[in-house]
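Thanks for coming. Please have a look at it first.

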Amino acid sequence: MDSSYKKITRNFVPPNIFESWWLSLFEGNNPAVVLAAVTFISHQLFYYGRYVPFWIAEHIPACDKYKIQPNKPVTSALRWKCLKSVLIQNHFVQLPMILAFHPGAELLGMKITDPFPSLFQMAIQLMWFFLFEDFYHYWAHRLFHWGFFYKYIHKVHHEFTAPFGLAAEYAHPAETMLLAMGTFGGPLIWILCTGDLHVVTVLLWMTGRLIQAVDSHSGYDFPFSARHWCPIWSGADHHDYHHQFFVNNYASSFRIWDHLFGTDIKYKNYRKKQEAEKAKLSKKMK
């Protein structure tokens, strides 16, 4: 038997169940169409699916004690207004961006039907994507609060002073496209620098970003919320203040940049004041 064949045989690892399912999606189909469909469907499932638990909480009075702004309930009218706008964004702004991203990334060398990367590889890449997007979002968000950009673009997103999960993507189309550069930028920079990126990692990244966005706009700070066990995580407590007062807390996922650049001072003072008032009230009740 030819020695080169033996080498190939020894190095061949049969696809696992997930890889086999993934490969089956592309059999006899246009890869660009399959990728666009998978990305768009997963976006819809995770965005609206992540909101469902918060939607349930909005109908349970016992959850009101965890609502950051309990005096501002989420009404059916608000939900419907938000839903109509977000659905338009999904189909006429985000879908075209999805259709454009995958062919471009594939031209740069993004892998589609290769074996999945290791969990360690994906973890490193996801960490980079989160850090890059957070840094980009911080500065882009600060720009959106300046003059023209706020008045004609970002003001749309601030229509909800007490945000709820569905409002995460309620924004002006220009804002959606500009902030998407932070979401897509991380993967594009990675593949340009390393030439090694699998589309499955990109899909996981987009899923994580969606979950983070819905959580930060949820309006709820539950005891099990991520920010209670990960101090640098922003969470709803951090972002809700921004919607309530239109200042401070510009980053998306972490508290690092706001702390370093001093754009969380008013937020910290406000929360300290709240805690002091709670302690004072609790002392009176004893």
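Rings of Phe, Tyr and Trp, the last by its six-membered ring, pair if their centres lie within 6.5 Å; planes under 30 degrees apart count as stacked, over 60 as edge-to-face, and the rest as tilted. By that rule the structure holds 33 aromatic pairs.

Two notes on the source. This is a predicted model, where local features need pLDDT of at least 70, side-chain atom pairs count only at pLDDT 80 or more, and totals for chains, interfaces and linings use all residues. Residues are numbered from 1 along each chain as its sequence is written, and side-chain values use heavy atoms, with hydrogens and water left out.

Take Trp21 and Trp22: their ring centres are 6.5 Å apart and their planes at 55°, so this pair is tilted. Trp21 is exposed, at 52% relative accessible area, while Trp22 is buried, at 3%. Here buried means under 20% relative accessible area, exposed over 50%, and partly exposed in between, with a 1.4 Å probe and protein chains only.

Next, Phe160 and Tyr170 make an edge-to-face pair, 4.8 Å centre to centre with 70° between the planes. Phe160 is buried at 4%, and Tyr170 is buried at 6%.

There is also an aromatic cluster, formed by Phe135, Tyr138, Trp139, Tyr250, Trp257 and Phe261.

Finally, which residue lies over the face of Tyr220? That is Lys67, at 5.8 Å from the ring centre. A charge sits over a ring if NZ of Lys or CZ of Arg is within 6 Å of the ring centre and within 35 degrees of the ring normal.
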